[in-house]
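Have the sequence and the model open side by side.

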Amino acid sequence: MRVRFGVSALTLLFLLPAALFAQGQIDLMTPAEVGAATLKPGALALRVRLLKADAPPPVIDVAFRRGLYWKQAGTLGKVKLGEWTLPKDCNDFFSGQGASDFVVIEFAKCVNFEAEYELSVGGKALKTIRETGRRTFSVIVIPAWLLRRGAKPTDPEFLAGFLSLTDFNRARLKRFDEAFKDNPRLPQKYAFEANFGGYVDDDTVNERVNIWGRHSSLEALKAEVRILRHLGYNGFCGEGSLALAAKAGLRDDFTHHITFSHAQAPWYQIACPFDPKLEAKRGDMIESLKKRAEALQGVKDIWVHWGDEIGCIAKADHIKPCPECGKRFREYLQSLNLKPELFGRRAWDEVVPFADWEGPKPGAEKSKNPADKGRPTAGSWPCNTPEEAANLYYSMRFVNWSTARFYEPAARTLKDAGIRISPLRGPTPTWDGHSLDYFEFYESTPSTALTWETSNRDARVWVWDAYLADITRTIGLTNGVPVHVYIKPHRGAPAQRLMACVARGVRSFCWYNYGPPYGQGDEYTGASREPLMMDVARAVRLLAQAEDITYDGRRLPEKAPVAFLYPITSFNLRRGIGHTEHFQDAKWVWTALRHEQAPVDVLSEALIEKGALEGRRALFVVGSHLRSNTARAVLDWVKKGGILWTDAEGLGRNECDQAAPELVELTGQKAPAVTLWGRDPGYHATGLQPFFGMEKGKPYEAPAAAAIRAEPGFGLAGALKAAIGRQTLEAAGAEVLARFADGAPALIRRKVGAGRVYVAATFAGLAYSETVRRPDYDMAADFDPIQRRLITCALPEDLARAAVASVPTVEAEVILRNGEAALLLANWTHKTEMTPPVNEKAQPTYRPRLMPVEKLRVELPALAAAAQARSAAGNKVAVAREGARVVVTLDRLDAADIILLSGARATLDDSSPHLARRDPQ
């Protein structure tokens with residue numbers, strides 16, 4: 001299990017394992033999530049009795065657990081064989097840790113048993129059921145979620161839902177069989193792995209039963225394994241689950257992909273990343289994994305997820321005083337061709353890693369802004385000189401490198417044994433920070449695979465999983481490694497997330513989490529969640545119809561004409577500029593580009609230095625800092641005709657926290673700084689919040705000077721606004737495209753060589769997001785195309801696009817193979833529905849609802865021809881040629897669809913030596 005704990009300060013996030021300090025979410029079910037009900041005490045009661053067992057003890061201890069995760073929660077008493085326990089108030093099952101609709105009843109020291117379970121109201125029996133068990137425990141289902149919806153214990157629907165686990169699984173399997181009897185095809189090429197709990201049938205009970213047991217009835221197991229197939233699963237996390245499939249008679253259906261999941265990396269107990277004991281432990285683990293893999297017969301792919309949401313190996317209280325870390329740090333700097341003078345030292349033996357991780361110096365004023373609560377704040381890692389800034393920057397790169405290098409020998413050795421290795425990466429680039437940069441981790445010493453997980457809960461930012469997929473697509477292509485994604489249906493939009501990842505080359509997935517426990521927050525298979533399971537089953541069947549095209553096909557354009565960069569230099573040094581808003585701003589700039597249907601590749605500074613801008617039309621950079629080598633590469637590219645866009649404080653300083661000449665030549669801004677009137681609270685995977693005011697307790701309110709008016713060269717007429725703050729732009733020699741209400745430049749365009757540079761004076765991405773941040777949002781109306789123009793004005797008018805959907809919040813991607821094309825459609829459009837408050841003191845509640853798109857039109861400039869079209873979802877679709885363009889019209893788009901096009905031919909030549917598809921080697 002992976003439990004995440006929120007922390008009040010993340011100052012040391014970059015130097016501690018993420019297993020200890022992770023983002024603010026708890027992956028455990030809440031009563032509201034599982035539909036737990038509150039009844040009057042004693043209104044509903046359960047009693048049980050053991051009917052038979054092999055050699056039962058004279059007196060049987062009967063206990064219960066909530067769900068299948070937590071240890072024993074309470075007792076039902078001690079009884080003899082055939083004797084009823086006293087009635088137990090069902091409220092004890094419906095609340096507390098691990099609460100779910102699944103209740104575990106334990107009969108101590110009993111095997112091969114049959115038991116009876118009776119629900120009653122006021123002493124009057126309502127229904128009695130039976131269940132068998134192999135070892136010590138059985139599972140029953142009490143549908144508390146129906147009570148929460150207003151049902152009464154005496155209602156037929158509630159009583160029909162009171163079932164043994166065996167009958168529950170059989171009934172669910174029957175519903176899936178019926179729902180998909182006319183659509184049985186499942187993906188054969190793509191891998192889908194399941195977390196799956198144990199059928200307990202041996203003598204190892206105690207801890208294993210309490211933690212990992214899910215079944216004690218073989219018939220329940222058999223039905224559930226068949227349900228797994230309906231959801232597309234064809235592999236497992238853990239080889240033990242493969243043995244369970246074998247018990248159910250379906251082992252061969254689950255040999256596509258096996259992952260030894262979450263093997264704990266040994267650095268959690270060892271402080272130094274260069275300690276010889278760490279090397280020895282790594283060697284032991286490698287040998288163990290090789291033996292485990294050898295025992296698996298007929299499995300196509302074997303992976304190891306070595307470490308869960310990993311942080312840095314190097315520890316804050318260790319790195320500076322450690323002689324070995326200091327030695328390796330200096331060796332690392334010299335490998336980058338740096339000089340000790342960069343760090344204010346005359347000789348290398350005087351250079352030590354950055355050490356002031358504790359935060360502001362004594363007497364330093366702490367921020368009173370509520371937006372700073374629970375996050376790193378400006379000045380928390382103070383740098384008073386360029387030399388200190390350089391030391392901080394390279395120290396953070398060093399802890400990234402020292403972590404990555406741990407994987408290299410293991411990756412090399414295990415690859416020879418046919419095993420791929422990767423740590424499981426949390427989706428932190430879409431949260432409020434990340435402990436290890438995705439790009440640099442693989443640029444340093446890449447593993448042989450890349451694994452990440454989806455986690456965003458808020459419908460307004462579900463599309464950011466496509467942003468993550470863009471990041472990992474680039475890494476996968478440039479490093480030649482396959483990508484595996486954990487998609488969490490419980491977090492929402494499973495079909496859209498699947499389409500976004502498939503469109504970006506992902507070939508293996510984990511629908512997280514089927515099990516083992518029923519009471520974990522990311523488990524999506526509870527009694528009340530069958531509609532969500534059906535959504536997953538429909539999504540994999542969409543993919544099955546297109547996989548002959550998508551699995552080995554070519555995404556159009558394979559090399560996007562638009563590049564996007566959030567520099568890790570900006571992230572490492574953002575604390576020195578008085579705020580940390582760029583990290584949030586970047587995600588919304590990317591969102592605006594996608595709403596404009598612009599093909600975008602997310603790059604890194606290192607890739608740009610290696611020539612990844614060659615052939616690109618435009619580059620969008622969000623961030624206050626850019627390292628000097630990258631700045632020189634960008635400047636050279638712009639002078640040759642490239643288009644660069646940035647916004648508030650963008651590209652103001654280099655890795656030494658200085659306004660370097662290359663940056664000044666690009667933007668024309670010598671000392672960019674912003675005046676703030678508000679703050680972004682950050683996004684922590686749970687919910688998107690409105691902006692804060694600068695003073696504690698004061699709501700956000702933009703001044704009159706935040707209003708922006710467009711000039712004739714802007715391209716669209718209308719009202720615009722700034723968000724959070726604004727920069728005073730130096731506009732000498734530049735064209736002003738928009739002005740603030742007081743006449744100051746808000747957007748300028750500069751000529752630099754044969755190219756152009758756009759600089760916006762505000763956080764344009766945050767401004768684009770402001771309207772949708774209200775609780776009663778409507779994504780179809782809240783993203784203003786005029787506001788978006790502050791960003792998209794830099795796109796070339798003749799930009800080559802693969803697909804242009806008539807609705808901005810619909811993502812359309814094209815994959816081509818052998819004269820056939822797949823148009824993948826993901827509808828991210830949601831609005832909230834309000835439930836009025838139950839009383840005067842309560843607040844209304846808002847829930848997102850998908851907004852289907854009627855009469856969707858998608859232009860396909862990437863295709864020169866397409867003869868016929870078919871909707872994988874069975875919707876009415878037509879394809880025609882309108883002038884020079886192929887156009888698809890779809891009668892209705894719900895969550896997702898794939899349009900299959902025959903006779904397809906591409907118009908784009910997008911081959912690239914810097915970002916071309918390479919099958920994983």
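This is a predicted model: local features need pLDDT of at least 70, side-chain atom pairs count only at pLDDT 80 or more; totals for chains, interfaces and linings use all residues.

The chain holds 23 helices and 43 strands. Of its 921 residues, 61% are buried. The chain exposes about 33800 Å². Now take the contacts between residues at least 6 apart in sequence: 75% of them join residues at least 24 apart.

Next come the helix pairs. Two packed helices are described by the angle between their axes and the distance between the axes. Start with H10, residues 323–335, and H11, residues 386–416. Their axes come within 10 Å and cross at roughly 105°. Angles of 65 to 115 degrees count as roughly perpendicular, so H10 and H11 are roughly perpendicular to each other. Which residues make the contact? H10 brings Cys325, Arg328, Phe329, Tyr332 and Leu333. H11 answers with Asn391, Tyr394, Ser395, Arg397, Phe398, Trp401 and Arg405. By class, the contact of H10 with H11 divides into seven nonpolar, two polar and three charged residues.

Two of the residues just named also form a ring pair. A pair of aromatic rings is described by the distance of the centres and the angle of the planes. The chain has 36 aromatic pairs. In one of them, the ring centres of Tyr332 and Phe398 are 5.9 Å apart, with the planes at 50°. Planes over 60 degrees apart would count as edge-to-face, and planes under 30 degrees as stacked, so this pair is tilted. Tyr332 sits in H10 and Phe398 in H11, 66 residues apart, and the pair thus links distant parts of the chain. Are these two residues buried or exposed? Tyr332 has 7% relative accessibility and counts as buried. Phe398 is buried as well, with a relative accessible area of 0%. The cut-off for buried is under 20%.

A second pair involves H11. The rings of Phe343 and Tyr394 have their centres 5.9 Å apart and their planes at 75°, so this pair is edge-to-face. Phe343 lies in the loop between H10 and H11, while Tyr394 lies in H11. The pair therefore ties together parts that are 51 residues apart in sequence. Phe343 is buried, with a relative accessible area of 5%. Tyr394 is buried too, with a relative accessible area of 5%. Tyr394 also belongs to the H11 side of the contact with H10.

Rings also gather in groups. Tyr190, Phe192, Phe509, Trp511 and Tyr551 form one aromatic cluster.

Now move to another helix pair. H13 spans residues 464–479 and H17 spans residues 582–595. Their axes come within 10 Å and cross at roughly 95°. H13 and H17 are therefore roughly perpendicular to each other. On the H13 side, Trp464, Ala466, Tyr467 and Asp470 make the contact. Lys587, Trp588, Trp590 and Thr591 meet them from H17. The contact of H13 with H17 has five nonpolar, one polar and two charged residues.

Finish at H14, residues 494–503. How many of its residues are buried? The count is ten of ten, and the helix is mostly covered. Among them are Gln496 and Arg497, along with Leu498, Met499 and Cys501. Just after H14, Gly505 takes a positive phi of about 90°.

Note on methods:
Residues are numbered from 1 along each chain as its sequence is written. Side-chain values use heavy atoms; hydrogens and water are left out. Helices (H or I, at least four residues) and strands (E, at least two) are DSSP runs, numbered from the N terminus. Buried means under 20% relative accessible area, exposed over 50%, partly exposed in between (1.4 Å probe, protein chains only). Contact means heavy atoms within 4.5 Å. Accessible areas come from the Shrake-Rupley method with a 1.4 Å probe; for residues, only the protein chains shown count as cover. Axes are lines fitted to C-alpha atoms, for helices over the stretch in contact, and angles run from 0 to 180 degrees between N-to-C directions. Angles under 35 degrees count as roughly parallel, over 145 as roughly antiparallel, 65 to 115 as roughly perpendicular and the rest as oblique. Ala, Val, Leu, Ile, Met, Phe, Trp, Tyr, Cys and Pro count as nonpolar, Asp, Glu, Lys and Arg as charged, and the others, Gly among them, as polar. Rings of Phe, Tyr and Trp (its six-membered ring) pair if their centres lie within 6.5 Å; planes under 30 degrees apart count as stacked, over 60 as edge-to-face and the rest as tilted.
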